[in-house]
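Here is a short note to read alongside the structure. Please keep the model open while you go through the points.

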Amino acid sequence: MKKVLLVCGSPHNNGNTAAALSIADKELKENGISTTYFQLEAKAVRGCIGCGRCSQKHRCAFDDDQCNELIEKMLEADAVIIGTPVYFAGPNGALCALLDRVFYATANFGQLLAGKPAAAIATCWRAGSTPSIDRLNKYFTFSQMPVVSSDYWNGYLGAHDSFGASVIKTLAYNMAEMLKEQNNGNGTKDEFLY
(Lines give C-alpha, C1' and ligand atoms only; values in the text may rest on other atoms or scores of the structure.)
Protein backbone atom coordinates (compact mmCIF):
# COMPACT_ATOMS: atom_id res chain seq x y z
CA MET A 1 0.00 0.00 0.00
CA LYS A 2 1.30 3.46 -0.92
CA LYS A 3 2.11 5.78 1.97
CA VAL A 4 2.06 9.58 2.21
CA LEU A 5 4.11 11.44 4.78
CA LEU A 6 2.20 14.38 6.25
CA VAL A 7 4.63 16.96 7.65
CA CYS A 8 3.20 19.41 10.16
CA GLY A 9 5.54 22.37 9.98
CA SER A 10 3.91 24.13 12.91
CA PRO A 11 5.17 23.78 16.47
CA HIS A 12 1.49 23.47 17.49
CA ASN A 13 0.25 19.92 16.98
CA ASN A 14 -3.41 20.92 17.39
CA GLY A 15 -3.48 24.12 15.33
CA ASN A 16 -4.80 25.01 11.89
CA THR A 17 -1.90 23.36 10.07
CA ALA A 18 -2.61 20.04 11.80
CA ALA A 19 -6.32 20.48 11.01
CA ALA A 20 -5.55 21.06 7.33
CA LEU A 21 -3.36 17.96 7.21
CA SER A 22 -6.10 15.93 8.90
CA ILE A 23 -8.43 16.81 6.00
CA ALA A 24 -5.83 15.47 3.57
CA ASP A 25 -5.27 12.45 5.81
CA LYS A 26 -8.95 11.49 5.76
CA GLU A 27 -9.25 11.89 1.99
CA LEU A 28 -6.11 9.86 1.32
CA LYS A 29 -7.30 7.03 3.56
CA GLU A 30 -10.73 7.04 1.89
CA ASN A 31 -8.88 6.50 -1.40
CA GLY A 32 -6.80 3.56 -0.18
CA ILE A 33 -3.60 5.41 0.71
CA SER A 34 -1.96 5.05 4.11
CA THR A 35 -0.40 7.98 5.94
CA THR A 36 2.24 8.70 8.50
CA TYR A 37 2.96 11.93 10.38
CA PHE A 38 5.97 14.06 11.17
CA GLN A 39 5.50 16.83 13.73
CA LEU A 40 7.95 19.73 13.92
CA GLU A 41 8.97 20.07 17.54
CA ALA A 42 8.89 23.37 19.41
CA LYS A 43 12.66 23.28 19.76
CA ALA A 44 15.59 25.10 18.21
CA VAL A 45 16.51 24.10 14.65
CA ARG A 46 19.86 24.98 13.22
CA GLY A 47 20.30 26.31 9.69
CA CYS A 48 22.49 24.85 6.98
CA ILE A 49 26.11 26.03 7.09
CA GLY A 50 26.99 24.66 3.64
CA CYS A 51 29.73 22.39 4.98
CA GLY A 52 28.99 19.73 2.34
CA ARG A 53 29.53 16.83 4.71
CA CYS A 54 26.11 15.47 3.69
CA SER A 55 27.55 14.67 0.25
CA GLN A 56 28.74 11.25 1.39
CA LYS A 57 25.87 9.82 3.46
CA HIS A 58 23.01 12.10 2.36
CA ARG A 59 22.39 12.97 6.00
CA CYS A 60 23.15 16.17 7.85
CA ALA A 61 26.36 16.21 9.85
CA PHE A 62 24.45 17.85 12.70
CA ASP A 63 22.34 15.30 14.51
CA ASP A 64 20.97 17.46 17.31
CA ASP A 65 17.53 18.19 15.85
CA GLN A 66 14.92 16.52 13.62
CA CYS A 67 16.68 16.87 10.24
CA ASN A 68 17.90 13.29 9.78
CA GLU A 69 14.67 11.90 11.22
CA LEU A 70 12.73 13.80 8.56
CA ILE A 71 15.07 12.58 5.82
CA GLU A 72 14.44 8.96 6.87
CA LYS A 73 10.67 9.45 6.90
CA MET A 74 10.71 11.11 3.48
CA LEU A 75 12.79 8.30 2.01
CA GLU A 76 10.37 5.70 3.42
CA ALA A 77 7.27 7.44 2.07
CA ASP A 78 5.92 7.28 -1.48
CA ALA A 79 4.77 10.92 -1.41
CA VAL A 80 4.92 13.97 0.84
CA ILE A 81 2.57 16.76 1.87
CA ILE A 82 4.16 19.58 3.85
CA GLY A 83 1.92 21.93 5.79
CA THR A 84 3.08 25.24 7.22
CA PRO A 85 1.64 28.16 9.11
CA VAL A 86 2.27 31.54 7.47
CA TYR A 87 4.58 33.92 9.30
CA PHE A 88 5.09 37.30 7.61
CA ALA A 89 3.93 35.99 4.20
CA GLY A 90 6.28 33.01 4.34
CA PRO A 91 6.54 29.50 5.79
CA ASN A 92 7.61 28.93 9.39
CA GLY A 93 11.31 29.84 9.59
CA ALA A 94 12.19 26.79 11.67
CA LEU A 95 10.54 24.57 9.06
CA CYS A 96 12.52 26.26 6.27
CA ALA A 97 15.79 25.88 8.19
CA LEU A 98 15.04 22.17 8.53
CA LEU A 99 13.96 21.76 4.90
CA ASP A 100 17.05 23.60 3.62
CA ARG A 101 19.16 20.89 5.21
CA VAL A 102 16.84 18.00 4.29
CA PHE A 103 16.75 18.92 0.62
CA TYR A 104 20.42 19.92 0.44
CA ALA A 105 21.38 16.46 1.70
CA THR A 106 18.91 14.52 -0.47
CA ALA A 107 18.96 16.49 -3.73
CA ASN A 108 22.24 18.36 -4.06
CA PHE A 109 24.42 15.26 -4.16
CA GLY A 110 21.99 12.79 -5.77
CA GLN A 111 18.28 13.00 -6.38
CA LEU A 112 17.07 10.64 -3.64
CA LEU A 113 13.48 11.97 -3.65
CA ALA A 114 13.02 12.21 -7.42
CA GLY A 115 9.67 10.96 -8.66
CA LYS A 116 7.91 11.15 -5.29
CA PRO A 117 4.76 13.29 -5.61
CA ALA A 118 4.73 16.27 -3.27
CA ALA A 119 2.42 19.11 -2.27
CA ALA A 120 2.40 22.10 0.05
CA ILE A 121 -0.42 23.46 2.21
CA ALA A 122 -0.29 26.85 3.94
CA THR A 123 -2.53 27.97 6.79
CA CYS A 124 -3.01 31.63 7.53
CA TRP A 125 -5.38 34.26 8.83
CA ARG A 126 -5.93 36.31 5.65
CA ALA A 127 -2.94 36.49 3.32
CA GLY A 128 0.49 35.05 2.60
CA SER A 129 -0.49 31.53 1.63
CA THR A 130 0.61 31.73 -2.02
CA PRO A 131 4.19 32.91 -1.37
CA SER A 132 4.47 30.26 1.34
CA ILE A 133 3.31 27.52 -1.02
CA ASP A 134 5.64 28.84 -3.70
CA ARG A 135 8.61 28.64 -1.33
CA LEU A 136 7.83 25.03 -0.38
CA ASN A 137 7.23 24.04 -4.02
CA LYS A 138 10.75 25.17 -4.86
CA TYR A 139 12.15 22.39 -2.66
CA PHE A 140 10.09 19.87 -4.63
CA THR A 141 10.91 21.12 -8.11
CA PHE A 142 14.64 21.27 -7.33
CA SER A 143 14.37 17.66 -6.19
CA GLN A 144 12.54 16.43 -9.32
CA MET A 145 9.41 15.68 -7.30
CA PRO A 146 6.14 16.08 -9.25
CA VAL A 147 4.09 18.82 -7.60
CA VAL A 148 0.49 17.73 -7.08
CA SER A 149 -2.07 20.47 -7.58
CA SER A 150 -5.67 21.08 -6.62
CA ASP A 151 -8.34 23.28 -8.20
CA TYR A 152 -7.13 26.41 -6.38
CA TRP A 153 -4.17 27.47 -4.23
CA ASN A 154 -3.67 25.20 -1.23
CA GLY A 155 -4.43 27.72 1.49
CA TYR A 156 -6.55 27.02 4.55
CA LEU A 157 -7.96 29.64 6.92
CA GLY A 158 -9.23 27.36 9.68
CA ALA A 159 -12.33 25.45 10.73
CA HIS A 160 -14.71 28.01 9.16
CA ASP A 161 -13.03 27.70 5.73
CA SER A 162 -15.16 25.17 3.85
CA PHE A 163 -13.72 26.26 0.50
CA GLY A 164 -10.15 25.72 1.72
CA ALA A 165 -11.16 22.30 3.07
CA SER A 166 -12.56 21.42 -0.36
CA VAL A 167 -9.30 22.50 -2.02
CA ILE A 168 -7.30 20.26 0.34
CA LYS A 169 -9.63 17.32 -0.29
CA THR A 170 -9.15 17.74 -4.04
CA LEU A 171 -5.39 17.94 -3.56
CA ALA A 172 -5.36 14.70 -1.53
CA TYR A 173 -7.62 12.98 -4.06
CA ASN A 174 -5.29 14.01 -6.91
CA MET A 175 -2.28 12.72 -4.98
CA ALA A 176 -4.03 9.40 -4.35
CA GLU A 177 -4.83 9.08 -8.05
CA MET A 178 -1.23 9.83 -9.01
CA LEU A 179 0.04 7.20 -6.59
CA LYS A 180 -2.44 4.65 -7.95
CA GLU A 181 -1.21 5.36 -11.48
CA GLN A 182 2.37 4.81 -10.35
CA ASN A 183 1.26 1.58 -8.67
CA ASN A 184 -0.35 0.40 -11.91
CA GLY A 185 2.84 1.03 -13.84
CA ASN A 186 1.35 4.02 -15.67
CA GLY A 187 3.76 6.52 -14.15
CA THR A 188 6.96 5.00 -12.85
CA LYS A 189 9.57 6.92 -10.94
CA ASP A 190 11.95 6.78 -13.92
CA GLU A 191 9.44 8.55 -16.16
CA PHE A 192 9.62 11.62 -13.93
CA LEU A 193 13.37 11.96 -14.29
CA TYR A 194 13.31 13.24 -17.89
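1. Angles under 35 degrees count as roughly parallel, over 145 as roughly antiparallel, 65 to 115 as roughly perpendicular and the rest as oblique. Axes are lines fitted to C-alpha atoms, for helices over the stretch in contact, and angles run from 0 to 180 degrees between N-to-C directions. Helices (H or I, at least four residues) and strands (E, at least two) are DSSP runs, numbered from the N terminus.

2. This is a predicted model, where local features need pLDDT of at least 70, side-chain atom pairs count only at pLDDT 80 or more, and totals for chains, interfaces and linings use all residues. Residues are numbered from 1 along each chain as its sequence is written, and side-chain values use heavy atoms, with hydrogens and water left out.

3. Start with α4 (residues 93-107) and α5 (residues 129-142). Their axes come within 10 Å and cross at roughly 10 degrees. The two helices are therefore roughly parallel to each other. On the α4 side, the contact (heavy atoms within 4.5 Å) is made by Leu95, Cys96, Leu99, Asp100, Phe103 and Ala107.

4. Look next at the salt bridges (a side-chain nitrogen of Lys or Arg within 4 Å of a carboxyl oxygen of Asp or Glu). The structure holds 8. One of them pairs Asp64 with Arg46, with the closest N and O atoms 2.6 Å apart. This pair links distant parts of the chain, 18 residues apart. Asp64 sits in the loop between α2 (54-57) and α3 (67-76), and Arg46 in the loop between β2 (34-39) and α2.

5. On a 1 Å grid over the protein atoms alone, a cavity is a set of points where a 1.4 Å probe fits but cannot get out, and a pocket is an open set with protein on both sides within 12 Å along at least five of seven lines; lining residues have an atom within 4 Å of a point. The largest cavity is lined by 14 residues. Cys48, Cys51, Cys54, Cys60 and Arg101 lie nearest its centre. α4 gives the most to this lining, with 3 residues.
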